[in-house]
Amino acid sequence: MATLREIRNHIVGVKSTQKITSAMKMVAAAKLRRAQDNIISARPYATKMKELLNNLVSKVDSDFNPLLKERTANKVLLIVVTSDRGMCGAFNANILKKTIEIINGSYQELNKNGNLELLCIGKKSIQFFSKRNYRIFKSYPNIFGRLSFSIAEEISGAVIDAFLSGKFDKIEVVFNEFKSVIQQTVISEQFLPLKKIEDDKKDKHIKSQIDFIYEPTPKAIIDEIIPKHLNTQIWRILLESNAAEEGARMTAMDNANENAKEMISDLNLQFNKARQASITTEILEIISGANALQEA
């Protein structure tokens with residue numbers, strides 16, 4: 001059984017940890033508010049850009065732009081977006097698990113033949129896949145502390161160049177989409193070549209009756225819009241992941257605080273029981289000694 005000093009030291013240690021997790025929760029809450037504002041601002045623009053591009057793509061042949069042309073997927077790139085830091089629950093574990101499922105499911109043969117590579121964003125994905133000897137095309141650590149649109153442009157530019165040069169025939173991205181403070185959804189979607197977005201059945205008839213006039217031509221506008229669209233989508237993905245990470249961290253730290261409270265309560269109970277047992281033992285020793293003296 002633990003001594004009173006050991007239990008007391010344990011209580012002090014748990015209280016110190018609770019102060020750290022409480023501070024981390026407050027910091028995550030402040031960062032989450034800013035991240036939420038950013039993603040709420042970025043979503044409408046990204047959505048409208050995608051809708052416009054979808055309408056234009058339906059009017060031209062996919063051969064008009066190499067970024068629209070489907071190829072046989074002989075070489076594939078997976079973009080994996082994780083965080084740079086831990087202490088955020090299952091945020092990173094879910095992304096890594098989903099990526100491994102995709103690799104072992106859809107691209108097992110390509111991976112064995114060396115035709116699958118990864119573009120890792122965030123330290124956690126870089127460390128995970130490097131230790132397991134996966135082929136890493138590019139890595140981007142420590143970007144969420146200095147997140148800016150120029151970083152999204154850099155990543156998008158590298159991916160577009162690799163696709164146009166024929167290094168990869170298909171590019172997918174895996175990331176956490178922010179839903180709420182307590183919910184993040186792992187999303188896997190094709191990044192290149194661009195896919196036509198199917199309209200909802202209830203809106204398809206209405207939208208099919210709308211015929212927009214584009215100047216100069218749909219093809220010229222597509223060539224201009226696609227790079228901007230891809231930059232915007234990478235930017236949205238980074239913002240989604242950043243907001244989801246802070247939400248997951250705030251929830252994890254809140255759970256840690258609650259667990260610390262329960263642990264402190266249990267340790268106090270254990271401490272009081274041990275102290276009471278110690279006092280009872282001392283009283284019994286005193287009474288036994290007094291009885292022994294009387295008998296003598």
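**Aromatic contacts, one selection at a time**

Select Phe149 to begin: with a relative accessibility of 34%, this residue counts as partly exposed. The model is predicted.

Which geometry do the rings of Phe149 and Trp235 adopt? The ring centres are 5.8 Å apart and the planes stand at 80 degrees, so the pair is edge-to-face. Colour by element to see where the partners come from: Phe149 belongs to helix 5, while Trp235 belongs to helix 7, which covers residues 218-295. The two are 86 residues apart, and the pair links distant parts of the chain.

Next, go to Phe168. Is Phe168 buried or exposed? Phe168 is buried, at a relative accessible area of 1%; the cut-off for buried is under 20%.

A search of the whole structure for aromatic pairs returns 4. One of them joins Phe168 to Phe137, so select both: the centres are 5.2 Å apart, the angle between the planes is 85 degrees, and the arrangement is edge-to-face. Phe137 is in strand 3 (residues 136-140), whereas Phe168 is in the loop that runs between helix 5 (149-164) and strand 4 (170-180). The pair therefore ties together parts of the chain that lie 31 residues apart in sequence.

Now select Phe128, Phe129 and Tyr134, which form one aromatic cluster.

Zoom out and switch to a cartoon view. How many helices and strands does the protein have? The secondary structure comprises 7 helices and 5 strands. Read from the N terminus, the order of elements is α-β-α-α-β-α-β-α-β-β-α-α.

Show the C-alpha trace for the overall dimensions. Along the principal axes, the C-alpha atoms fill a box of roughly 115 × 45 × 35 Å. The radius of gyration is 29 Å, whereas a compact globule of 296 residues would have one near 19 Å.

The protein exposes about 16,800 Å², with 53% of that supplied by carbon and sulfur atoms. Of its 296 residues, 39% count as buried. Among contacts between residues at least 6 apart in sequence, 76% join residues at least 24 apart.

How values were computed. Residues numbered from 1 in each chain as written. Predicted model: local features only at pLDDT ≥ 70, side-chain atom pairs only at ≥ 80, totals over all residues. Heavy atoms only, no water. Phe/Tyr/Trp six-rings, centres within 6.5 Å; stacked < 30°, edge-to-face > 60°. Helix = DSSP H or I, 4+ residues; strand = E, 2+ residues; numbered from the N terminus. Buried < 20%, exposed > 50% of the residue type's maximum accessible area, 1.4 Å probe, protein only. Rg over C-alpha atoms; globule rule 2.2 N^0.38 Å. Contact = heavy atoms within 4.5 Å. Areas by Shrake-Rupley, 256 points an atom, 1.4 Å probe, with all protein chains shown as cover.
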